[in-house]
Structures are given as structure tokens and as C-alpha cells.
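Here are a few friendly notes to read alongside the structure.

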Amino acid sequence: MFDHGELRLVVLALIAERPRHGYEIIKEIEDRVAGTYSPSPGVIYPTLTMLEELGHATVAESEGKKLYTITTEGTAYIEANKSAVDQAMAHMQSVKSAHGGGPAPEILRARVNLKMALRLREARGPLTEQQIRDIAAALDAAAVAIERS
């Protein structure tokens, strides 16, 4: 979705708009690309830590969550890289325009989560007959619920 270093600029630009929690950043990016991409926490949180270490962001506890705010140095960095920031934001807007009206981002995220859960479980080793039946029943139940909605 992003070229090298672009995600860092996007994250910094989003916290420049207003202070945000990591999860809010994930959801905002997902919304801005019409659900076609959702950065994982394993990408966002290290990026936020790096921004903090670079002095581009500060973090404070708010309601038990970390709230990230841009610093003066972060604002200067965004201004110095304005064309790259604008290009990354424009790219997200073009993706959203191209995919607008598509599946809801929440459904796309849930689909990815389901696929990942299945892959991770299969990677842990063979399933027992009971585990196979349980997983198949859960998937069948989800299919029935979706058809009825």
C-alpha cells in the first residue's frame, strides 16, 4: 500500500490532525482507503514508537491507552516532507475513490482476521477430529448468520 517511509509520514500526518490512539490510526487509515488495507498493530505501534524516539511525537496515558501527539519537531518534519505527505495522502484518496461503495471496512477486516486465525491455528499442528468438527461448525454458523442478515 505504501512505499518505503510513507506509512511513517501518514501516521505523523494523522496525529498532526489531532492526537490519536494507535487503534484510531489503524481505523482512520482503513477508512481512508475504503477498507482495502488495514495496517496491523504490529506495524503501527512500532512506527509510533519510532516517531516518539525521533522526537516527532509524544505519548501520554489517557483512559488507560496511549495517546500520541505531534511535537514541534514532528511538525517541522512534515513541513520539510510536504510533497511526500501530500502524495501519500492523495494516493489513499485515489484508492478510496476507486473502491468507494465496496465492502464495508469492518467486513473486510473481519474477513482478514478470520483467515489469519485459521492460518495460525493450522500452523500449530494437526487438528483432532473434534477440533475439525468445532471449527467447521463455527464457520457454518457464521455462514448461516451472514445469509440471514
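1. Please keep in mind that this is a predicted model. Let us begin with leucine 7, which touches Phe2, Ile29, Val43, Ile44 and Thr47, leaving aside residues up to four places away in sequence.

2. Where does leucine 7 sit? Its place is in helix H1, which covers residues 6-17. Leucine 7 has a relative accessible area of 12%, and buried means under 20%, so leucine 7 counts as buried.

3. For a sense of distance, take leucine 7 together with glutamate 122: the two are 115 residues apart along the chain, and their C-alpha atoms are separated by 31 Å.

4. Next, have a look at the sheet. It is open and has three strands in the order E1-E3-E2, with antiparallel pairing. Strand E1 (20-21) and strand E2 (57-62) are the edge strands, each pairing on one side only.

5. The pairing of E1 with strand E3 (residues 65-70) is antiparallel and runs over two bridges.

6. Finally, alanine 34 deserves a glance. This residue is found in the loop between helix H2 (22-32) and helix H3 (41-53). Most residues other than glycine have a negative phi.

7. Is alanine 34 buried or exposed? With a relative accessibility of 12%, alanine 34 counts as buried.

Definitions and conventions: Residues are numbered from 1 along each chain as its sequence is written. This is a predicted model: local features need pLDDT of at least 70, side-chain atom pairs count only at pLDDT 80 or more; totals for chains, interfaces and linings use all residues. Side-chain values use heavy atoms; hydrogens and water are left out. Helices (H or I, at least four residues) and strands (E, at least two) are DSSP runs, numbered from the N terminus. Buried means under 20% relative accessible area, exposed over 50%, partly exposed in between (1.4 Å probe, protein chains only). Contact means heavy atoms within 4.5 Å. Two strands pair if DSSP finds at least two bridges between them.
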